[in-house]
Every structure is written in structure tokens, then in C-alpha cells.
Amino acid sequence: MPKQVIIVGAGPAGLFAADKLAGTPGLEVILIEQGKRVEERRREIDFDRACGVAGIGAYSDGKHIFDTVFGSRQIGTNLTELGVDDKEYLIKSKQRFAFFYVPIFGKMPEITPERESRAREIATIAGKNDMDYILAHDYHIGTDRLPELMKSIQDSLEKRGVQIRTNEKVTSFRHGTVYTQDTRTRVEGSYLADVILIAPGRDGSIWLEKLLKAKNIEHASRPIDVGFRIETDAAVLRHLTDIERDVKLEFRHPNGDMIRTFCVCPYGQVSKEGKNRKPELGGLDFCLVNGASSSVHLSNNTNFALLVRMPLRNEANNANWGLKIAEAYREAGVDKIILQRMGDLIQERSSKPGKVHEWRIKPTLPESDYMVGDVRIGMPARIMDSIRYGLRKLSVPGLMEGLNQDSTLIYGPEIKMHGIKIATDSYLQSTSMPGLYFAGDGTGFSRGIGGAMASGIRAAEGILKQLGYDSK
Ligand SMILES: Cc1cc2nc3c(=O)[nH]c(=O)nc-3n(C[C@H](O)[C@H](O)[C@H](O)COP(=O)(O)OP(=O)(O)OC[C@H]3O[C@@H](n4cnc5c(N)ncnc54)[C@H](O)[C@@H]3O)c2cc1C
């Protein structure tokens, strides 16, 4: 009898786990996905945009980040917490990614010596200012070209015997069995499983957490990042964004809180988070800020998130805490994203709506989406202190000199969740239910496509090991 492995969720984590397991003699791999096949997904349909083979990664910005060149940590993975060498797994995922990438797009571009030497200078300045500058191997494919790549992965898996069951939602699982429902007919079904791997993505984390609670599977909350979106002249960051669009600088407030730049959008637009996003906060009926870069509509500004990590205690629920902050803004009468000019924040007064036309830096967020006022209105003082400290600290020659000026714009709140933290062994196998593995963003082991792939590979190696195969 072949051993049966059931993988739940065909995002980057599930796909790369299946890729590792595919073709193993005596192993039947079934990948269950609630959405459609890659070629059937339609970007304009909300459900298709987030769900289907290739997961939310199918319509992401298409930036694949792997191992770092500079910096004290890897990006988008939490594998080190398990004592795993995360760089090794990011390199493994880069190699498998190259296997699919090269036949379609040609040789993967390397970091040029010129870019590396300029990045080294930035890293030196950052170090002198007690900051960490992180630069990783990254490959930007573009949203439009991603489906072709993802389809080639899907087709390759099927050729190697992986059964992909689309339009089937996993409703529950227990030791040895996975329960499903057809998303079109509502007909219920089940699969026997020697091993189960759960990789439901961020949108599936609420479903997963409910099941973990119900089944007493040990887990806790991860930290939460809270802060603001900062918008300034593109020229202030140009020497940094020319090297790497998503400039990653990290440092600590003297009180120990970690402060970081995130999601830098050169020549971009500040945006409002879409409706129905943030399922972990119960969907959005309040406003959160975000940013985007378009290859067509370039602005004169660059925006980025400046975030403070709040290490909540184990028993705390980070989603509830984030929700309370968002609600504090709403309860204060803020029904849009709140916008303040830095000069007014420094003077500790509200910005005035009637003055926006006089501001040197013009907001790129549409007027209908913001409310001019005081960004402090719903923000805990500890985070405000760290944001002020962070703005000053970043505004040094060679880094973001000129950031800490009156004209800089501050939008809020911005809230990023890191999901749940499940108790597992180093192969991402639950310590409460043997034979149950986890991977990807929804399980808290990754925060990006490269990291999701890396966690999928690590979990698949654990499965092979458990079933008596050579896992390497
Ligand atoms: C707008 C946007 C842009 C992004 N851009 C980038 C980027 O440029 N670079 C980057 O590295 N990251 C980016 N990300 C993040 C990236 O997409 C994710 O980190 C990555 O897709 C996570 O992979 P995953 O496999 O864990 O989950 P997902 O990609 O979310 O896939 C999970 C899959 O599981 C399925 N599923 C969930 N529950 C069930 C169930 N019960 N039964 C059956 N199927 C289920 C879902 O339908 C989904 O297809 C972006 C995210 C968004 C939202």
C-alpha cells in the first residue's frame, strides 16, 4: 500500500512541499486547494485573486526574496526559531525556483559587483549608526508574468504524479483523516492520510487557529508590528532605492523595541487596505494604510512603513490587540486614514485640512481616503515614542537624510500581524499531534514567497524522514 500524504493549500509553501515529495516511490501525494487551477483563475474576481493553485503568491508583486547578501538575519522566515539553518533552506528554494524559472525567462540575474559595492557602503553607514541593513538575492518577475511560472510548477507536479484536487476546501482534520467539502456542490468528502501537511496561507490562519484550539494543539501568538506609513520626496531615498527597491533597515529603541522599515514603494502611491482584507482582524470595517508602486503611474514621492514590533506576552492575542488599536482610531471618529504633516507632529498639534494645498509634499493617497488630523489619536505612547525616535535615527547622512523634516507626511495606522506560533519539532511537525506538519505564512513559519517555499521544503524533508526515506 502506498503511503498517502495530504497537503492542504497549494500556495508557494504547499507547491514546494509537493515538489520535494513528487516522484518518491511508494508515496501518493494529494494537494487539496479550495480555489481553481492556475489557468482558470481570474484576477478580477476577489476569491480567485487570493485562492487557487499558487495561492496569494500568484497575483503578488512577484518579488521572490531568497538568501541575504548583507544583514544579520534572513528575510521572510522563522525557521531559525526551530534551530534550522534558514539560509540553507532559502538557498534550496532558490535552486528549485531556478529550475522552473530558467526554461521560461532565461538565466537568473546576479547582483552586479557595482550594486554590491554600493550596498556595502550603505551597510557600513548603517552599522556606524547601530542599524542593520539587509540585502537579499531577489528576483522580480512582475505580476503579469507570474501565472506562467506558477502554471509550469503546477504542470510539472502533475507530470510527476502529484494529484491536485481543486475546488475542495478542507473543513477539518484528525489523526489519519482529512475532511473536505466541494466548494461548488457542497458535497462532503474525506481522505485517509498517513501524514497531513497544513499550508493554508494567511487568509486560512483564522480557520486553522480555531481548529488548533478545538483540538488542543499547542500554539501561541506571534508579535505584531504597528506604526505608520511615511511619505517623502523620492529624492530622499533615491540612492537607497536605486540599489534595492525595498530598503530594509532595522534597529532598536533604547527600551529594546525593534523598529524597522518595511514595504518601501519608490515613486509610489500610498493606498488604503482593500475591503475584506485582514481576515485575522475579522475583516476590515476600519481603515488601515498601505503602499503600492505602479510601473505606469510614477509619483514624485516614496513611501514606506515604519513599524514597531510589540512583543506581546505568550497568553496575549495579537489579533485582538491590533484590532483594539484600529478600533481606537474608529472610536475617536476617524473614519478614514489619518494624515498629519511631520511639522505639526513635532509641534504637537493637529494638522489642518485647509492647509493641505500649502504643503510642499503632496499626499499621493486620494483625498477621499484620508482625514487630516493628529496621528497620535489612537496610538499607544510607547509606539509613538519609538516612531519619533526612528524618524530621527533614519534621518542621517548616507541613509535617509532629510526625512525628519516638517514636510514629511505620516499616515496611520499601519498594522502587520505575524500570525500564530505552533509548537513543532525542527521539521515543523506538531508536538501535540504526530504526523501533522505545517508550512507557510498561515502557520507563522514564513512571511513571503521565498520563506513559504523554504518552510514547505523543510516540512517535506521531515515527512520523508518520518516515512523512512532519505530526506536530503
Ligand atoms: C497583494 C500582495 C502582494 C504580495 N507581494 C509579495 C511579493 O512581491 N513577494 C513576496 O515574497 N511576498 C509577497 N506577498 C506575500 C506572499 O504572497 C505570501 O507570503 C505567500 O503567498 C505565502 O505562501 P503560502 O503558501 O503560505 O500561502 P498562500 O499563498 O496564501 O496560499 C495558501 C493557499 O491555501 C489555500 N487554502 C487555505 N485554506 C484552505 C482550506 N481550508 N482548504 C483548501 N485550501 C485552502 C488558499 O486558497 C491558498 O491558495 C504578497 C501578498 C499580497 C497579499
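The model is predicted: local features need pLDDT of at least 70, side-chain atom pairs count only at pLDDT 80 or more, and totals for chains, interfaces and linings use all residues. Residues are numbered from 1 along each chain as its sequence is written. Helices (H or I, at least four residues) and strands (E, at least two) are DSSP runs, numbered from the N terminus.

**Helix α1**

- Helix α1 spans residues 12-21 and is mostly covered, with ten of its ten residues buried.
- A residue is called buried if 20 or more other C-beta atoms, placed from the backbone, lie within 10 Å of its own.
- Among the buried residues of α1 are Pro12, Phe16, Asp19 and Lys20.
- The partners that these buried residues pack against include β1 (3-8), β2 (27-32), α3 (86-105) and α11 (449-466).
- Gly23 follows α1 and has a positive phi, near 80°.

**Nonpolar core**

- The largest nonpolar core has 120 residues, and those touching the most other members are Ile7, Ala17, Ile196, Leu197, Tyr411, Tyr437 and Ala439.
- α11 gives the most to this core, with nine residues.
- Domain 1 (3-110 + 137-218 + 421-466) and domain 2 (223-417) each supply at least three residues to this core; the domain bounds come from an automatic or database assignment.
- Such a core is a set of buried Ala, Val, Leu, Ile, Met, Phe, Trp, Tyr and Cys residues joined through C-beta atoms within 7 Å.
- Not counting residues up to four places away in sequence, Ala439 touches residues including Ala13, Ala17, Leu197 and Phe445; contact requires C-beta atoms, placed from the backbone, within 7 Å.

**Strand β13**

- Strand β13 (residues 258-265) is mostly covered, with six of its eight residues buried.
- β13 pairs with β12 (residues 248-252) in the antiparallel sense over three bridges, where pairing needs at least two DSSP bridges.
- Arg252 stands opposite Met258 in β13.
- The hairpin of β12 and β13 has five residues between the strands, and Gly256 there takes a positive phi near 105°.
- β13 also pairs with β16 (residues 301-310), antiparallel over five bridges, and Ile259 stands opposite Val308 in β16.

**Ligand shell**

- Of the 38 residues around the ligand, Gly9, Gly11, Gly55, Gly201 and Gly440 come nearest; a residue counts as near if its C-beta atom, placed from the backbone, lies within 6 Å.
- α1, β3 (63-70), β6 (168-174) and α11 are the elements that give two or more residues to this shell.

Methods: Buried ≥ 20, exposed ≤ 12 C-beta atoms within 10 Å, placed from the backbone. Contact = placed C-beta atoms within 7 Å.
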